[in-house]
Structure formats: C-alpha cells, structure tokens
Amino acid sequence: MNITQHPDLLDRLAASYALGTLRGGARRRFETLAREHATVRAAALVWQTRWSGLTELQPQVAPSPAVWTRIDNLVRAGQLEQAMRAARQATPAHAPAPAPGGWWRNLLVWRVAAAAGAIATLAAVVVGVQVNGGLRVTTGAQIAALQQQLQATPQIQYVAVLADDKAAASMLVTFDPKNNQLVLQRVGGFQEGADKSLQLWALPPAGGPRSLGVLGQDKLLTLVAGEADVRQVPALAISLEPKGGVPSETGPTGPVLFKGELIQRML
Amino acid sequence: MSTRHPDTELMDLLDRIAAQDDSALKSLYDRTASQLFGLALRVVRNRDAAEDVLQEAFLTIWRSAGSYRASLSPPMAWMGLIVRSRALDALRKRSSDRADLMNELDDDMAQTLEGDSPNPMDAADASEQAFALHHCLGKLESKQREVVSLAYLRDQSHGELAEQLKLPLGTVKTWIRRGLEQLRACMARYA
C-alpha cells in the first residue's frame, strides 16, 4: 500500500510519530517512508511543529532568583576566559607548535611558565645572598634597574594560603590593588566535578561571608576585586557550590573546603 | 509592555544575544524565565532539577542564539524545545541514577490527573501555532489532554505512561487514540 495515497492514514501516523507514541517497528517503517517520500517527511514536520506548541502552553512558575545569579556568573566567567585567551593569543611570547584544542591548553606552556618563575626566584635569591654576603657587587645602576622592574610587576599587597582541614595548602591567593585583581592559583590536586563550582568568600569580622566570585576550572584564576573588598578582612574561604555559585546574600550553601588567614604584606 | 508583537521583541533580543550582548540575555531571562521554568518543572517535576535545566538552557541560548533564525521557528517555540531537550536529558540521567525516584512522584501525578480542572494551560505569550493547539486541546476531556501532553513533554510510551499514572495500558491507549483523533480533526481547520 502506498501511504502517500492515503492522506488520512498518513496524517494519523505522522501525528503519532511526532507525538512519540508510535514506537518499535511501526516507527522504523515510518522513518523509512519519510526518507523515501517528501510528502511523508513534510507531514512529520507539520506535526512536530504543532506539538512543539505544547512547550509554550505550560503554567508559568517563577524560578528562584539564585538561577539568574548562577547563569550570570557562568556567562561572566566565560567572557573573562575568552578575553584572557584573546590576550594570550595576541602575545604568543613562548608559544610552541599549536596543540589540538589551542596552545593555551598545552601543559608545556604552563610548565615553561612555571620553570621561568622558578628561575626568576633563584636569581632573586642569588642576588639577595650576594647583597647579604657583603660582597657588594650590586651597583647603584643595578639597584635602580631592579626597582624599575618592581614598579612594573604587579603589586602584591595581600596574600593568603587557603588550606583544607588537613592543613594541606590548596589555593594560593594574592591581591594586586594596582590592577584590582585577585589572582588564585590552585596548588593542591583538588578538582571539583563538572556540575559544581568553587566560590571564594571574604569572612569579615562582622556580618556574614561576602562572595568575592566564582572560580572557573583553570589552574590560574583571576577575579576582579577592589581594595575595599579585602581590606580588614581577616580570612578567606572557599566553598563547594552548585555550578555557577550562589548569590552573595545567601552565603555559602555547600561545605567549606579551604580557608586561611589573609595577610597584608609589610615588605 | 511595548505595543510591538512579542515575537519581534524576543527575536531582537536573540539577535543581540547572538552578538554576545549580555544585557539582552538578562532581558530575555526576565521575559521568559517563568514560562520556561514552568515547562521544565512539568517535565522533571522537581524544583532543583528544573532550576538546573533552566540554567543549562539559558547557557545554551547564550551560546547558540546565532542559529536561531535558521530554525524558522517562533522564538518561544525554539526556546521551549531547548528546555524540553535539556529536561529530557535530566530525566534520563536521573532515572538511570535513581530507579526508585518514580515512586515518590506517583502521588503528585495521580493528583494532577484526578482533578478535572478546566484547561490549566497558559496561552498568554503563545505563538499563533501554539494558540491553535491550545484551542484544540481545550476541546478534549482533561484526562485525554493530560496523557497526550505528558506523552509529548516527557517523551513517554503508552507503557511508561500507564505505569507512571497507575492506569491500565488499554485505558491509556484509548485516551491517546481518541484524543489524537479529535485533535487531528480540529487542527486540520487551522492548516
């Protein structure tokens, strides 16, 4: 029997097919016919469109305000990540051959960067030893150059090492008031699940915790913060929250994983 | 409320979202979140799960608004399909995570079916195609309308519906068959 010659039967089958109640062998036979005959395909499309109207007809229910906060946090985190990628791509200082998925994902870059940092630290220690050793090889010009270098580097005014309940360091936090930036570096092996987010909180002496932002999955993270956000805050904490975090007013809803004292640097 | 057609307003917002304008995402959320949350809640029947669905759906809209125009759909229908598809994902994941969950939910559902309420659907913001469906569904008996709606929204077979609604399989089949016949006749007038 040629179904295309029986419009009423075709319409009935198309309606059940698109509703989803046509199942098993009957469903497969209908799909085969649809591939062969444009009329059958068109009938299925008409009914798919009609049924999709059901999604518009359900009673309205207001979601909790936390949902928008989470969406907004994730959109902002995504935008920041994109901006940072763009910035890194614009200055490929030590870019090796592009790896699949983009060079910034390449572990090698991070290792090179980490190694460069370690070498710089070593150099600084060597200079310090030379100065303290009374060798006095450092000339005035060298000191001026070093001072200039210090001016150019971020000004780290607050430092915190956040540790878990076994006192293992898990997150290094620095605050740079010059750039209004909180920089977080994951140092432990902790990685939250794909459906969770870590959220950073300031724990002021009075009042409840204040959210400083939601962390992305990267090893090195940047949050925007003014000095007012961290001044006179004795401690920071990180809690495990639903993906996208929770509004600041709610306070942490998940377990506090890491916390630590926030120290103002004197030197 | 602007005097412009709501579809045009939503389509403009989607265009701006495609250009990564985050203030447009906020406006779209304010305009549509309750409608879409109602839909998510109807499919997954749990507030927490429905909120996750709504969040996922809006992130999907944020990422893929650029492909909206090509869908040739009314904007609410396009967003509704995104929410339904996320909600069905959540439902499948949950039923594989916790097979026992259905038992808790049976009571809620039985209540929904008992009450012979007038058509509870909301067509205030609906597109023209949805309005036609709304009109035709309104002519069905409420239990027929309910099983037909659930079959679509939750992508459930006759057997799954019978089990969940604690009804004999034959009853569910009859309600859906009769509901479909009436609907087809009614919708044919809008073709």
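**View 1. Strand 3 (residues 181-186) and strand 6 of chain A form an antiparallel pair over 5 bridges.** Strands are DSSP runs (E, at least two residues) numbered from the N terminus, and two strands pair if DSSP finds at least two bridges between them. Opposite A:V224 of strand 6 stands A:Q181. The model is predicted: local features need pLDDT of at least 70, side-chain atom pairs count only at pLDDT 80 or more, and totals for chains, interfaces and linings use all residues. Residues are numbered from 1 along each chain as its sequence is written, and chains are lettered from A and ligands numbered from 1 in the order in which they are written.

**View 2. Side chains alternate along strand 6 (residues 220-224) of chain A.** A:L221 and A:L223 point to one face and are buried (20 or more other C-beta atoms within 10 Å of the residue's own, with C-beta atoms placed from the backbone).

**View 3. An open sheet of 8 strands in chain A has the order 5-4-7-8-1-2-3-6.** The pairing is antiparallel. Strand 5 (210-215) and strand 6 are the edge strands, each pairing on one side only.

**View 4. Strand 7 (residues 235-242) and strand 8 (residues 256-264) of chain A pair in the antiparallel sense.** The pair is joined over 5 bridges, and A:K259 in strand 8 is the bridge partner of A:A237.

**View 5. Helix 2 (residues 22-44) and helix 3 (residues 47-64) of chain B cross at roughly 135°.** Helices are DSSP runs (H or I, at least four residues). The two axes come within 9 Å; axes are lines fitted to C-alpha atoms over the stretch in contact, and angles run from 0 to 180 degrees between N-to-C directions.

Notes:
A residue is buried if 20 or more other C-beta atoms lie within 10 Å of its own, exposed if 12 or fewer, and partly exposed in between; C-beta atoms are placed from the backbone.
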